[in-house]
Amino acid sequence: MHTVIPIEYFLVTATLMFFAGVYGFITRKNLITILMSVELMLNAVNIIFIAFNRYLYPGQLEGHFFALFVIAVAAAEAAVAIAIIINIYRNFQSIDVEETDKMKY
Amino acid sequence: MTDFSYTILIPLIPIFFFLIIGLTGHKMKPIISGLIGTTGLSIAAILSYFTAYQYFFNTEKIDGAYQKILAFNTVWINFTDKLHVDMGVLLDPISVMMLIVVTTISLMVHIYSLGYMKGEKGFARFYAFLSLFSFSMLGLVLATNIFQMYIFWELVGVSSFLLIGFYYEKPSAVSASKKAFIVTRFADLGFLIGILILSFNTGTFDFISLTDIHGTAIASGSGIAFMGLSTMTWSLIFVFIGGAGKSAMFPLHIWLPDAMEGPTPVSALIHAATMVVAGVYLVARLFPVYAISAPDGLTVVAYVGSFSSLFAAVIACTQYDIKRVLAFSTMSQIGYMMVGVGVSRYGGHEGLGFMASMFHLFTHAMFKALLFLGAGAIIHAVHSNVMTDMGGLRKYLPITHITFLIACLTIAGVPFLSAFFSKDEILTAAFHHNKLIFFVQLFVAGLTAFYMFRLYFRIFWNRDTHYHHTPHEAPLTMSIPLMFLAVASIFAGYIPFSKLVTSDGLPLEAHIEWIVAIPSIIVGLLGISIAFVMYKKETTIPQKIGSSFKLLYVGAFNKFYFDEIYLFVTKKIIFNYISRPVAWFDRHVVDATMDGIAWITNAVSFRIKGLQSGQVQQYAFVFVSSAILLGILFIYLFSI
């Protein structure tokens, strides 16, 4: 009999990826790396969707669809985010997140 | 039954012309606005004369008595079935008589002002205000209910305020207009309280049901309520306070002399002939209620009137400003009218005082308007209203001189001029009712003759003053009203008032009682002769008398310091002990509470604004850590 990879492996991997993304989002100062961290979080979520789909409802495809949607939306979001970053660079001559604090009080 | 519904036009025409002149007056030539206003008033006057003719001679009487006719009525504000405020026209002998007085004097003043106000800044404004005043006064006399009367009562107050302050660039005129408004407004508070008590008691505002002598209204509230007087008496005394304020009765008289800051035609119209007699009219309007259910109220009216007339006459003897002399004379004559209604009772010969009072109101309106307009002509010629600047004017102003002399003779009570009849009736009524008041009034009659002829001799005889510009006779627009009013002053006494205007509508048999008339003629002539001796030629007698009665003279000259007393009471007592604490409370408690709330909000937000740093990563950190904390919390809660 062939052994199945237990679901915990996927969950632990995804959680590590997700918190790596959160950590990056909070600590990195470069907007590009922050964007990358966001992508990391999204991908962690994708893994969880697919893993649960496979293990809980093997005959259905909703989890896969969700993952595909997330990938599509992430692509669009990356495009928008990079456009915003370029504009920020034009305005501030920098993409350091700590310098873009115009929206404070 | 004659149809009187057209009478509603009488007050509506002036308000219409007020709107026209008020809105478009600045675009027309001044004289046009004057002519428009005069035309409007003459239409109203013609309608009034027609109404009077119809009412007195073409309307059937019931048992020989003139009835109250509700010519027009509409519900204005409807609160409940019982409580509603109406607007309308009520015709009865006194309101019809007042129509004649108001429109006649107003028309004369309109014509006169064409000459007097010529070239003044704000000519159109003046005519607009005159129309507004005429509207208000006509609405007041025609009021069907006490609430309508109150509304128009305030409106005449406003027009009076506007006209006294006509020369609004003069600080004295501004303060005089404020003084007039505040004093009368203060008195009107009494009037309002009186109205509230009265209508609460009787359940009606309506004059017809209030004054119906067989009705239920008049009998209500007669039980003793407070300090030995009935509720009805108290309410009527409060109503009289309003009347006393408007009619400048002691101690609310202080605004009238200052009101002379207004243009002289205004003084003639408002502060001599029409508005100031509104108080008398008010008492006369509610006379059956006073006479039947509150005779004590009438006693108050009589004493207040009598004292005011004596008080004002004494002051009038010492004043030098000719308009102020006339103002105090007005106050004194209104005191006479108050005495007239005060000593009267309802019905029959007891009602003689009421008739006499209305009669005197009528004749007084004519001769006092004449005196004021004459004074206006003199001021117009001399450019001063202090009598020491005048003297020997009879050569320069023949028409004014003759008409002024007629008016002086009339007010002095010289036989067979109009005021002789009316004043004599008041004295007769007082003689039969209260001897003390009779003797006071007799003395006042002497004083009246004295101060009027003091004025006359000082202006027209005395020394020959040298004038910078030779005084010239007034233009025709000014002298025609003078002549008309002089004729009216002479002949108004022959109107059979006792047949037309009485307390119960029934004709009254009135004749001259020589026992009263002869003393009054004697005092009158005595007053004239004393004035003749003292002022015909320039003499030193006045100074001698003045210094021998120094206390009285100085007191009277300073109007017995009433202005100072009021100033003391308001500025020193009310301001310091009431207004200042109230202001302190407002500033330090009411405002401070609000300020405190604002200050706390501000301080707190200043402290916490650092939270919104604009650092996206801080937000994310707070968000994530809070989410984790919440997650732990929920896991902990649900795992138990």
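At what angle do helix α10 and helix α15 of chain B pack, and how far apart are their axes? In this predicted model, α10(B), formed by residues 264-273, packs against α15(B), formed by residues 352-382, at an angle of about 160°, and the two axes are 8 Å apart. Because angles over 145 degrees count as roughly antiparallel, the two helices α10(B) and α15(B) are described as roughly antiparallel to each other. The crossing of α10(B) past α15(B) is right-handed.

On the side of α10(B), the contact is made by B:Thr264, B:Pro265, B:Ser267, B:Ala268, B:Ala272 and B:Ala273. The residues contributed by α15(B) are B:Ala365, B:Lys368, B:Ala369, B:Phe372, B:Leu373, B:Ala375, B:Gly376 and B:Ile379. By class, the residues of this contact between α10(B) and α15(B) comprise 10 nonpolar, 3 polar and 1 charged.

Chain B also contains a pair of strands, β1 (residues 69-78) and β2 (residues 84-91), which run in the antiparallel sense and are paired over 8 bridges.

Between the chains, 10 residues of chain B are in contact with 10 residues of chain A. The side of chain B that touches chain A consists of 4 nonpolar, 5 polar and 1 charged residues.

Notes. Residues are numbered from 1 along each chain as its sequence is written. Chains are lettered from A and ligands numbered from 1 in the order in which they are written. This is a predicted model: local features need pLDDT of at least 70, side-chain atom pairs count only at pLDDT 80 or more; totals for chains, interfaces and linings use all residues. Two strands pair if DSSP finds at least two bridges between them. Helices (H or I, at least four residues) and strands (E, at least two) are DSSP runs, numbered from the N terminus. Two residues are in contact if their C-beta atoms, placed from the backbone, lie within 7 Å. Ala, Val, Leu, Ile, Met, Phe, Trp, Tyr, Cys and Pro count as nonpolar, Asp, Glu, Lys and Arg as charged, and the others, Gly among them, as polar. Axes are lines fitted to C-alpha atoms, for helices over the stretch in contact, and angles run from 0 to 180 degrees between N-to-C directions. Angles under 35 degrees count as roughly parallel, over 145 as roughly antiparallel, 65 to 115 as roughly perpendicular and the rest as oblique. A crossing is left-handed if the near helix is turned anticlockwise from the far one by less than a right angle, and right-handed if clockwise.
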